[in-house]
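Please keep the sequence and the 3D view side by side as you read.

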Amino acid sequence: EPIRVVVTGAAGQIAYSLLYSIAKGDVFGKDQPIILVLLDIPPMLPVLDGVVMELQDCALPLLREVIPTDEVEVGFKDIDAAILVGSMPRKEGMERKDLLKANVAIFKTQGAALDKYAKKTVKQLSSNLQRIFREEKSKSFWYKGHHVSRQVLVVGNPANTNCLIASKSAPSIPKENFSCLTRLDHNRASSQVAIRCGVSSDKVKNVIIWGNHSSTQYPDVHHAKVDLHGAEMGVYEAVKDEAWLRGDFISTVQLRGAAVIKSRKLSSAMSAAKAICDHMRDIWFGTKEGEFISMGVYAAGNSYGVPEDLIYSFPVQIKNKTWKIVDGLPINDFSRAKMDATAAELVEERDTALDFLSQ
Ligand SMILES: NC(=O)C1=CN([C@@H]2O[C@H](COP(=O)(O)OP(=O)(O)OC[C@H]3O[C@@H](n4cnc5c(N)ncnc54)[C@H](O)[C@@H]3O)[C@@H](O)[C@H]2O)C=CC1
Ligand SMILES: O=C([O-])CC(=O)C(=O)O
């Protein structure tokens with residue numbers, strides 16, 4: 001059975017890298033056939049035709065069908081996964097939250113369209129089955145993993161707030177099925193530590209990005225480990241440079257997106273596509289035993305005192321397509337202040353977004 005995956009902003013630069021990786025099996029598995037749905041706005045339809053031609057020309061055996069469209073009814077119908085990239089990128093000198101006004105309405109509309117057209121809603125099941133699923137929800141992954149498997153990943157900036165608005169606009173889809181991309185920041189943090197230690201990036205695990213995908217995000221390595229030539233140790237012990245870890249390391253990760261824009265005159269695309277693949281693959285297949293990754297998820301019920309009605313980036317572990325925030329990590333005063341600052345920014349962004357949308 002092929003799965004149906006929609007990518008919005010499919011004529012844009014992130015999608016240009018992303019679609020190839022998905023179509024060749026990097027995300028959903030090397031034996032999982034795929035129908036790719038490419039959604040963009042009407043003026044981009046001729047560009048989408050070119051993308052379709054190139055995907056065909058790749059001759060990828062898993063790719064069963066490519067459907068270009070500018071209609072959400074077609075784009076979101078019966079999908080198993082939605083990757084919402086389509087939106088305006090920032091230019092040099094802007095913060096991501098400066099995109100709120102331009103982008104948040106897109107995610108409201110698309111959340112509502114997902115609510116209406118995506119498949120396997122609890123609403124569509126018989127009332128008896130709904131009751132069984134409700135009862136089973138807390139103890140069974142089957143409920144979400146099989147019957148309500150739609151996964152919605154929001155990439156377009158400001159990603160956390162757009163994700164919150166999309167989720168609020170799709171009340172029939174469980175909040176747990178929405179997440180936003182902070183994996184790029186996570187990968188940036190792992191890579192900076194790996195370069196500093198002179199090891200490959202797979203030797204670094206359990207870095208955490210807390211909070212907003214913005215310059216207030218907090219890349220935290222207090223719980224991260226490095227395999228330094230066969231000996232596993234904490235990052236502070238391996239790096240032996242607290243000033244760097246509390247200074248340039250953090251600001252490099254926080255400001256990396258802006259640094260790429262300054263150099264390329266375009267925002268990150270290849271690395272963003274790679275991070276999207278990492279994020280979705282971990283949702284589909286789970287995280288490795290003993291490891292956690294960062295993603296923006298609904299904050300309700302978290303044990304870190306983060307306000308509940310936010311999409312906030314946490315350390316998570318994933319099993320059977322269901323994420324769980326890693327609880328109980330000790331938080332020192334340095335971390336606390338940074339986690340609170342990024343939460344405060346998210347509260348402000350959420351309130352501004354809700355204000356825009358009510359006008
Ligand atoms: N969360 C993250 O880590 C990252 C997020 N981003 C964000 O991803 C977004 C896309 O970036 P790029 O691909 O570089 O931009 P791009 O400008 O190359 O492509 C965006 C595409 O979205 C389309 N689009 C606009 N409105 C749409 C709508 N309502 N429905 C469907 N498609 C629509 C445009 O026509 C365009 O083809 C930006 O908001 C950017 O800031 C970028 C890098 C990392
Ligand atoms: O910085 C930007 O605007 C694009 C982005 O989100 C990133 O590279 O992390």
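Gly-156 lies in the loop between strand S5 (151-154) and helix H7 (159-168), where helices (H or I, at least four residues) and strands (E, at least two) are DSSP runs numbered from the N terminus. This is a predicted model, in which local features need pLDDT of at least 70 and side-chain atom pairs count only at pLDDT 80 or more, while totals for chains, interfaces and linings use all residues. Residues are numbered from 1 along each chain as its sequence is written, and chains are lettered from A and ligands numbered from 1 in the order in which they are written.

Gly-156 counts as buried because it has 28 C-beta neighbours inside 10 Å; a residue is buried if 20 or more other C-beta atoms lie within 10 Å of its own, exposed if 12 or fewer, and partly exposed in between, with C-beta atoms placed from the backbone. Asn-157, in the loop between S5 and H7, also counts as buried, with 27 such neighbours inside 10 Å. Leaving aside residues up to four places away in sequence, Asn-157 touches Ser-87, Arg-90, Arg-96, Leu-99 and Asn-103, where contact means that the C-beta atoms, placed from the backbone, lie within 7 Å. A cis peptide bond, with omega about -5 degrees, joins Asn-157 and Pro-158.

The UniProt record, an unreviewed entry, lists Asp-40, Asn-103, Val-155, Gly-156 and Asn-157 for "binding site"; its positions are given in the numbering used here, feature names are shortened, and annotations may be inferred rather than shown by experiment.

Asp-78, in the loop between helix H3 (72-75) and strand S4 (81-84), has a positive phi of about 60 degrees although it is not a glycine, and with 13 C-beta neighbours inside 10 Å it counts as partly exposed. His-229, in the loop between strand S10 (225-228) and strand S11 (231-234), has a positive phi near 50 degrees, and this residue counts as exposed because it has 9 C-beta neighbours inside 10 Å.

Finally, consider how two helices meet. Helix H8 (residues 183-197) and helix H13 (residues 270-285) pack at an angle of about 105 degrees, with their axes 8 Å apart; axes are lines fitted to C-alpha atoms, for helices over the stretch in contact, and angles run from 0 to 180 degrees between N-to-C directions. The contact involves Arg-183, Leu-184 and Asn-187 of H8, together with Ser-271, Ala-272, Ala-275, Asp-278 and His-279 of H13.

Notes: Contact = placed C-beta atoms within 7 Å.
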